[in-house]
Amino acid sequence: LFYAFYPLWWIFHQWDMLIANRFQSAWNLGFDTLTVFPDAGTGATTVDGRVWREVVSEAWTTIRTSAGNNASAAEAETRFCRIGSSTTTDEYQDLMRSIYTFDTSSLDLGANITAATISFFGAITTQDALGDPKANVVSSTPASNNNLVNADYGQLGTTKLSDTDIDFSVWSTIDYNDLVLNALGRDNISKTGISRFGGREATYDITGTAPTWSSDVVAEVISKTADTAGTANDPKLVITYTPGTAKRNLLLMDIG
């Protein structure tokens with residue numbers, strides 16, 4: 001719908017940003033937007049990267065719920081999510097998840113978020129015989145907003161924040177993969193601080209259901225990170241909102 005009605009959205013957006021917010025806040029139609037990206041590497045305000053458990057041969061429940069043993073926040077491409085089976089029947093050798101934090105503090109507490117989309121520019125997808133894997137986003141609570149550690153593997157939620165999964169078979173490797181956030185996803189956005197999301201395989205990892213096992217195969221989707229030059233391919237969170245009263249008054253004061 002966004003793309004079908006983009007010209008109309010663009011007109012309303014320009015009206016809000018250039019006319020309503022500057023001269024008469026009561027005329028705001030609710031099409032203000034904020035686009036944010038994670039910072040590259042670590043040490044700044046936000047981060048993106050992956051956390052995982054690997055070099056094991058374990059039952060599905062064990063690998064899914066045990067402690068992570070690796071993390072990386074400094075790769076140009078990262079595994080958004082991955083499942084790797086071992087050569088032992090019904091056991092798995094690696095499971096990967098990803099974490100993304102965004103500085104959304106420029107939204108004021110009174111802002112009304114009407115829509116939001118989180119997007120990941122695809123790089124590679126692999127779907128061997130491991131059932132029907134899909135990708136989605138969940139909440140995350142990493143130990144730090146600007147770095148990742150092994151223990152963050154266990155800090156991702158199990159509630160989908162988008163109502164539509166992305167099947168691995170249609171994961172784009174040349175464009176953005178968009179996940180429109182549902183009401184819980186929009187509620188996960190901080191209006192005064194850092195918004196934290198996680199990437200997780202949806203059919204099996206989120207639900208706890210064991211995949212269809214085959215020996216020594218992989219199902220994964222890979223995406224670009226903020227460690228690539230510029231922001232053209234970076235993970236991004238686009239928020240449509242109506243400013244709160246305090247922010248509208250500041251905008252009018254700036255004009256005055």
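Student: Why does Phe-102 count as buried?

Tutor: Because buried means under 20% relative accessible area, with exposed over 50% and partly exposed in between (1.4 Å probe, protein chains only). Phe-102 has 0% relative accessibility, so Phe-102 counts as buried. Before going on, note that this is a predicted model, where local features need pLDDT of at least 70, side-chain atom pairs count only at pLDDT 80 or more, and totals for chains, interfaces and linings use all residues. Residues are numbered from 1 along each chain as its sequence is written, and side-chain values use heavy atoms, leaving out hydrogens and water.

Student: What makes Asp-132 partly exposed?

Tutor: Its relative accessible area is 32%, so Asp-132 is partly exposed. Asp-132 also forms a salt bridge with Lys-134.

Student: How do you know that Lys-134 and Asp-132 form a salt bridge?

Tutor: The term needs a side-chain nitrogen of Lys or Arg within 4 Å of a carboxyl oxygen of Asp or Glu. For Lys-134 and Asp-132, the closest N and O atoms are 3.1 Å apart. The structure holds twelve salt bridges. Another one joins Glu-58 and Arg-53, at 2.6 Å from N to O.

Student: Are Glu-58 and Arg-53 buried or exposed?

Tutor: Glu-58 has a relative accessible area of 13%, so Glu-58 is buried. Arg-53 has 14%, so Arg-53 is buried too.

Student: What distance separates the closest N and O atoms of Asp-205 and Arg-97?

Tutor: They are 2.9 Å apart, and the two residues form a salt bridge. This pair links distant parts of the chain: Asp-205 is in helix 4 (residues 202-206) and Arg-97 in strand 5 (residues 92-103), 108 residues apart. Helices (H or I, at least four residues) and strands (E, at least two) are DSSP runs, numbered from the N terminus. Both Asp-205 and Arg-97 are buried. Salt bridges with shared partners join Arg-64, Arg-97, Arg-200 and Asp-205 into one network.

Student: Why is the pair of Phe-102 and Phe-197 called edge-to-face?

Tutor: Rings of Phe, Tyr and Trp (its six-membered ring) pair if their centres lie within 6.5 Å; planes under 30 degrees apart are stacked, over 60 edge-to-face, and the rest tilted. Phe-197 is buried, at 0% relative accessibility. The ring centres of Phe-102 and Phe-197 are 6.3 Å apart and the planes stand at 70°, so the pair is edge-to-face. Phe-102 lies in strand 5 and Phe-197 in strand 10, so the pair ties together parts 95 residues apart in sequence.

Student: How many aromatic pairs does a search of the whole structure find?

Tutor: Seven. One of them is Tyr-100 with Phe-120, a tilted pair with 4.7 Å between centres and 55° between planes. Tyr-100 is in strand 5 and Phe-120 in strand 6 (residues 112-127). Phe-80, Tyr-100, Phe-120 and Trp-171 form one aromatic cluster.

Student: What makes the link between Thr-228 and Asp-234 a polar contact?

Tutor: A polar contact is a pair of N or O atoms within 3.5 Å; within protein, one must be able to donate a hydrogen and the other to accept it, and residues adjacent in sequence count only if both atoms are side-chain atoms. The side chains of Thr-228 and Asp-234 make such a contact at 3.2 Å. Thr-228 sits in the loop between strand 11 (218-224) and strand 12 (236-242). Thr-228 is buried, with a relative accessible area of 17%.
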